[in-house]
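Hi,

Here is the model I promised you.

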Amino acid sequence: MEFSGDTLIEIRGLKKTYREGTVETAALRGIDLSVRKGEYLGVVGKSGAGKTTLLNMIAGLDNPTEGEITVGGERVDKMNEVKKAVWRGRNVGFIFQSFQLLPGISLLDNVMLPMDFCGKLNRHSAEKAAELLRMVGLIDHIHKVPSEISGGQQQRVAIARALANDPSLLLADEPTGRLDTVTSEVVFEIFEQVVSRGTTMIIVSHDHSLAERTRRLIRLTDGIIS
Ligand SMILES: Nc1ncnc2c1ncn2[C@@H]1O[C@H](COP(=O)(O)OP(=O)(O)O)[C@@H](O)[C@H]1O
Ligand SMILES: [Mg+2]
């Protein structure tokens, strides 16, 4: 396969069919997509279009039914689960619509978790986590637990956590879906900052105003790029 030096993601003929008993759902029906290093890509599409499925495939969170996914020169679809988990932890940050912070521990500990998971925890980790929380404007709250802060603040913690291992790729699934307009604005400003540092970023959303945010936009309709 042709793999030019500035390509980060190369997807060819990607299909995903979910099977539940005798019911089959074709979520992705043949996706070809290249993403360059440092690109800021938005993917819009209605609910059920396959956006989450596509993002999960790129992150190696689920396996394709057919097709190839290469990220940073590595065939994600060919890695075994252990290799994938290690690769993902080191290279990919993932931001979910529902934040998914651990409830019982401090914001600082939440941001340090991915470092621990990757065996990167060291005496500088707390300082680094605090620095990330400062970047998202939460330095005064680092010892609070998630229930003590607002939804918008929780999403900012989730962003800091996603950046904990300096991922080259940041993926966000409807990151402002649960936030009000003003809070969403803050989140998009942080994304701008992350992209300006050279991180490749993909955001998926059903909200077409994403077009005003990202540098490139594609549309997904019934599992096909339209
Ligand atoms: N785990 C699953 N099992 C069965 N069907 C699924 C599963 N996840 C998603 N689907 C189906 O696949 C299609 C695409 O879903 P999804 O990728 O979540 O779309 P979007 O994120 O754009 O709303 C939908 O029809 C959805 O119902
Ligand atoms: Mg979705």
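What share of the contacts in the chain with a separation of 6 or more comes from residues 24 or more positions apart? In this predicted model, such residues account for 71% of them.

On the overall fold: the chain has six helices and ten strands. A compact globule of 226 residues would have a radius of gyration near 17 Å, and the chain agrees, because its own value is 17 Å. The C-alpha trace spans about 45 × 40 × 35 Å along its principal axes, and 38% of the residues count as buried.

Now the ligand. Around ligand 1 you'll find Y18, E20, T25, A27, G45, S47, G48, A49, G50, K51, T52 and T53. The largest share is from α1, with three residues. By type, the shell has seven polar, three nonpolar and two charged residues.

The other spot to look at is helix α4, residues 125–135. Its buried residues are A129, L132 and L133. These cover an arc of only 100° around the axis, so they sit on the same side of α4. The buried residues of α4 pack against α3 (107–117) and α5 (151–162). Just after α4 comes G137, with a positive phi of about 80°.

Cheers

Terms used:
Residues are numbered from 1 along each chain as its sequence is written. Chains are lettered from A and ligands numbered from 1 in the order in which they are written. This is a predicted model: local features need pLDDT of at least 70, side-chain atom pairs count only at pLDDT 80 or more; totals for chains, interfaces and linings use all residues. A residue is buried if 20 or more other C-beta atoms lie within 10 Å of its own, exposed if 12 or fewer, and partly exposed in between; C-beta atoms are placed from the backbone. Helices (H or I, at least four residues) and strands (E, at least two) are DSSP runs, numbered from the N terminus. The arc is that of the directions from the helix axis to the C-beta atoms. Two residues are in contact if their C-beta atoms, placed from the backbone, lie within 7 Å. A residue is near a molecule or strand if its C-beta atom, placed from the backbone, lies within 6 Å of it. Ala, Val, Leu, Ile, Met, Phe, Trp, Tyr, Cys and Pro count as nonpolar, Asp, Glu, Lys and Arg as charged, and the others, Gly among them, as polar. The radius of gyration is taken over C-alpha atoms; the globule rule is 2.2 Å times the number of residues to the power 0.38.
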